[in-house]
Amino acid sequence: MKYPPDSTPANSAAAIFFFFFSAVSMACSGLLFNSFVDNKCFRPCHLKPAVPYPRSLSTSRFYLTSSLRISMSMEENGAPTQGFEVSRKKLPHVLTVAGSDSGAGAGIQADLKACAARGVYCSTVITAVTAQNTAGVQGVNIVPDEFVAQQLRSVLSDMEVDVVKTGMLPSIEIVKVLQRSLKEFPVRAVVVDPVMVSTSGDVLADPSILSSFREELLMMADILTPNLKEASNLLGGMRLETVADMRHAAKLLHSLGPRSVLVKGGDLPESFDAVDVFFDGEEYHELRSPRVKTRNTHGTGCTLASCIAAELAKGSSMLSAVKVTPLWLCMCFYSYALAKRYVETALEYSKDIILGNGAQGPFDHFLRLKHNSGTGVTFSGNDLFLYAVTDSGMNEKWGRPMEVAVKEAIEGGATIIQLREKNAETRKFIETAKACLKICRPYKVPLLINDRIDVALASDADGVHLGQSDTPAQVARALLGPEKAIGVSCKTVEQAHQAWVDGADYIGCGGVYPTSTKANNTTVGLDGLKTVCLASKLPVVAIGGINASNAIPVLGIGAPNLKGVAVVSAVFDRSSVATETRNLHSMLTEAVSKAN
Ligand SMILES: Nc1ncnc2c1ncn2[C@@H]1O[C@H](COP(=O)(O)OP(=O)(O)O)[C@@H](O)[C@H]1O
Ligand SMILES: Cc1ncc(COP(=O)(O)O)c(N)n1
């Protein structure tokens, strides 16, 4: 690649990119943005330290709550209004100052995706536009430094940035501009990823930048995150081949000014683990994760640095941002992964993705959302028609493995399967779920897991069914994402309403008749079933003691959203599951067609 690159005056191009990425940033931050817009005219100066970011992040108490109620003075046309009570939401906010990667694996695009995935708002200052794909970097167009300065001013003067993360800083002038901007608009932390060479080996910052990095950039860094090549370049070509070398490098780099250093070992030769070395001037930490065998590692460095920035913006201390995410974050963002763990998990999840023909592919930052798709099975209310709920005790009695029972039920006409394993060991339960999914998928019959969200996630089942004392449906929805099916057992109109509010897909109503498969289960009878059905906004399946001899009156109660019956012993406590299911299916089909 040619360097220095063609540097055509790019004011208009840069402006287009600025607006484009601002828009992407907003889109990625999704709902977060909505709560942002209504705060635009108030500036609570006391939320931000008046002095440049102090060395401890412990002052970040304000940032630990996403919603604050504060009393503030508001100036309107120069006239202060005292004691105005405003409900204000503070969004954790990372500003990335980096280059655009047209292939969207690294650079600004990776930063946006990483921050969005970590629940943090991300604004963008573009320093360069690269033409890049999985084969490498084909071109670089540096944004004029005055326009970088203008972008910085636009964001920093207005948008309450918590943490600045830097990536590609392709000229000495841009480094100087950044330094000046951060003096004028101090932020709480600066994460410096000293991008110089892409993984493909292409130059992203001319080596002449090194002195500027050493003299100006490193001093600003609360954490410096070089990969092996970058650490070596910053240290005048020092050889880095072992973890001991990395420790030594971390110490030397620390002496150049950053408050802490993370030397990334993604490229460490012949290492079984992916090892990074963290040094804060006092202690070393070796952060290890299994090395994922994949070509899709383009953008790991940018992603890791952005995740660290995101965790700092949310209020973490430095080491926990790198390594451990505190418990309260689990509750707010259901993201208890470490920044490093996040990268590892995303790599593992994306290891087989094929995008592009080059040596290095991008990975998928939104694994949580994607976790729910691609199975080809989409739940609909009509799936509730003949709902088979398994019982391993009955299988044992008849000497049938679970997979055999499930296969027979599907072949007999079951339209949905629920695995109900109240006493199974977790690992066994996951294995059983995976084995049953292999049977269900070709028939496009959804498989739900009773109660255990962890098992549903681990097996990639199609959803869960929850009782009133299980995990609340709202929490299950947050954990499972938008596409998995959630059913809730309800006996009352209020419970049915709550299930709908909480984002469930259907309710199971019963017990309709007394049953031996559930202890202490009060029955609602046909009248209770009808009352709940008529009030429910969700499709309903009737459950509890239903079999071939009493199923027809259930379907005959006259409630259009009663979509079917759920059975346990009527099919599984029989010598032939397939025959019993088939009989029941044809009976129900006949009853429905007569009623129509
Ligand atoms: N194959 C891999 N498996 C697991 N983690 C990896 C792998 N490759 C890189 N990492 C991790 O990704 C992060 C970025 O490291 P690295 O790839 O060295 O940075 P860069 O992208 O800047 O070259 C580090 O935490 C590193 O340990
Ligand atoms: C615009 C830009 N910024 C950073 C990187 C480094 O990422 P990687 O080391 O994964 O190639 C890149 N390739 N492009």
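**Exercise 1.** How many residues surround ligand 1, and which are the closest?

*Solution.* The model is predicted. Start at the ligand. Its surroundings hold 19 residues. The closest are Asn227, Gly266, Ala274, Thr300 and Gly301. Next, sort the shell by class. There are five nonpolar, eight polar and six charged residues. Then look for the elements behind the shell. β10 (273–279), α9 and α12 (339–350) each give at least two residues. The largest share, four residues, is from α12.

**Exercise 2.** Find Ala313 and decide: is this residue buried or exposed?

*Solution.* Locate the residue first. Ala313 lies in helix α9, residues 300–314. Now count C-beta atoms. A residue is buried if 20 or more others lie within 10 Å of its own. Ala313 has 31 within 10 Å, so Ala313 is buried. Then list its contacts, skipping neighbours within four places in sequence. They are Pro92, His93, Val94, Val120, Asp162 and Val163. Finally, compare sequence with space. Ala189 is 124 residues from Ala313 along the chain, yet their C-alpha atoms are 8.1 Å apart.

**Exercise 3.** Trace the closed barrel: which strands form it, in what order?

*Solution.* Recall how sheets are held. Strands pair through backbone hydrogen bonds, parallel or antiparallel. Here the pairing is parallel, and eight strands run β12-β13-β14-β15-β16-β17-β18-β19. Neighbouring strands are turned by 25° against each other on average, direction ignored. Now check a pair. β12 (386–389) and β19 (562–567) pair in the parallel sense over three bridges. Leu386 has Val565 in β19 as its bridge partner.

Conventions. Residues numbered from 1 in each chain as written. Chains lettered and ligands numbered in written order. Predicted model: local features only at pLDDT ≥ 70, side-chain atom pairs only at ≥ 80, totals over all residues. Pairing = 2+ DSSP bridges. Axes fitted to C-alpha atoms, helices over the stretch in contact; angles between N-to-C directions. Buried ≥ 20, exposed ≤ 12 C-beta atoms within 10 Å, placed from the backbone. Contact = placed C-beta atoms within 7 Å. Near = placed C-beta within 6 Å. Nonpolar A, V, L, I, M, F, W, Y, C, P; charged D, E, K, R; others polar.
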